[in-house]
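User: I've got a model open on my screen and I'd like to learn how to read it. Can you walk me through it?

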Amino acid sequence: MSIIAILSWWYGGGWISRIDLGRKRLVSTLDFFSIDQLLGSLFAPFRQNGTLTGGSWLMRLGDQLVSRAIGGVIRIGMVIAGLLSILFWIIWTIIEIIIWPLIPFFPILGAVVWKVGWVI
């Protein structure tokens with residue numbers, strides 16, 4: 001394989017595959033966290049088992065409120081974690097796309113740094 005073939009892949013198909021991999025990671029993260037579903041059911045009861053059928057209406061109301069508050073807190077935490085993960089993957093992909101064309105020059109830069117004697 002010649003240097004021309006390697007470089008043509010690097011700056012062509014390789015770069016496109018990096019972009020596609022970043023897109024797939026982002027879609028996978030969006031699917032994993034399902035932020036739209038979490039927001040749609042934000043204050044739905046959290047794991048309410050319905051065992052409290054008897055008792056006063058005040059007791060049932062308190063059970064419902066506590067269950068919905070717990071569900072809201074957990075779902076808000078998951079939405080925040082999802083947004084942070086999405087932001088991380090967007091930044092990581094942008095850095096990857098910017099650095100990808102520069103990677104073939106790293107050995108040359110390393111040789112220059114080694115020859116000059118700089119310590120990084």
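User: Let's start simple: what percentage of the residues in the protein are buried?

Analyst: Buried means under 20% relative accessible area, exposed means over 50%, and partly exposed is in between (1.4 Å probe, protein chains only). Here, buried residues make up 18% of the 120 residues. Before we go on, keep in mind that this is a predicted model: local features need pLDDT of at least 70, side-chain atom pairs count only at pLDDT 80 or more, and totals for chains, interfaces and linings use all residues. Residues are numbered from 1 along each chain as its sequence is written, and side-chain values use heavy atoms, with hydrogens and water left out.

User: Got it. How many helices and strands are there?

Analyst: Helices (H or I, at least four residues) and strands (E, at least two) are DSSP runs, numbered from the N terminus. This protein has five helices and zero strands, so reading from the N terminus you get α-α-α-α-α.

User: Now the helix pairs. At what angle do α2 and α4 pack?

Analyst: Picture a line through each helix: axes are lines fitted to C-alpha atoms, for helices over the stretch in contact, and angles run from 0 to 180 degrees between N-to-C directions. For α2 and α4 the angle is about 180 degrees, and the axes are 10 Å apart. Angles under 35 degrees count as roughly parallel, over 145 as roughly antiparallel, 65 to 115 as roughly perpendicular and the rest as oblique. That's why α2 and α4 are called roughly antiparallel to each other.

User: Which residues in α2 and α4 meet?

Analyst: On the α2 side, they include Trp 15, Ile 19, Leu 26, Leu 30 and Phe 33, and on the α4 side Met 78, Ile 86, Trp 89, Ile 90 and Ile 97 are among them. Arg 18 and Arg 25 of α2 take part as well, and so does Glu 96 of α4. By class, the contact has 12 nonpolar, five polar and three charged residues. For the classes, Ala, Val, Leu, Ile, Met, Phe, Trp, Tyr, Cys and Pro count as nonpolar, Asp, Glu, Lys and Arg as charged, and the others, Gly among them, as polar.

User: How do α1 and α2 pack?

Analyst: Helix α1 (residues 3-10) packs on α2 at an angle of about 30 degrees, with the axes 4 Å apart. That makes the two roughly parallel. Ser 8, Trp 9 and Trp 10 of α1 make the contact with Gly 13, Gly 14 and Trp 15 of α2. Sorted by class, you find three nonpolar, three polar and no charged residues.

User: How many salt bridges does the structure hold?

Analyst: A salt bridge is a side-chain nitrogen of Lys or Arg within 4 Å of a carboxyl oxygen of Asp or Glu. The structure holds four of them. One joins Arg 18 and Glu 96, at 2.9 Å from N to O. This pair links distant parts of the chain, with Arg 18 in helix α2 (residues 13-33) and Glu 96 in helix α4 (residues 57-99), 78 residues apart. Another is formed by Arg 25 and Glu 96, whose closest N and O atoms are 2.7 Å apart. Together, Arg 18, Arg 25 and Glu 96 are linked in a network of salt bridges.

User: Where do Asp 20 and Arg 23 lie?

Analyst: Both lie in helix α2, three residues apart, about one turn of the helix. Asp 20 is partly exposed at 29%, and Arg 23 is partly exposed at 46%.

Terms used
Contact = heavy atoms within 4.5 Å.
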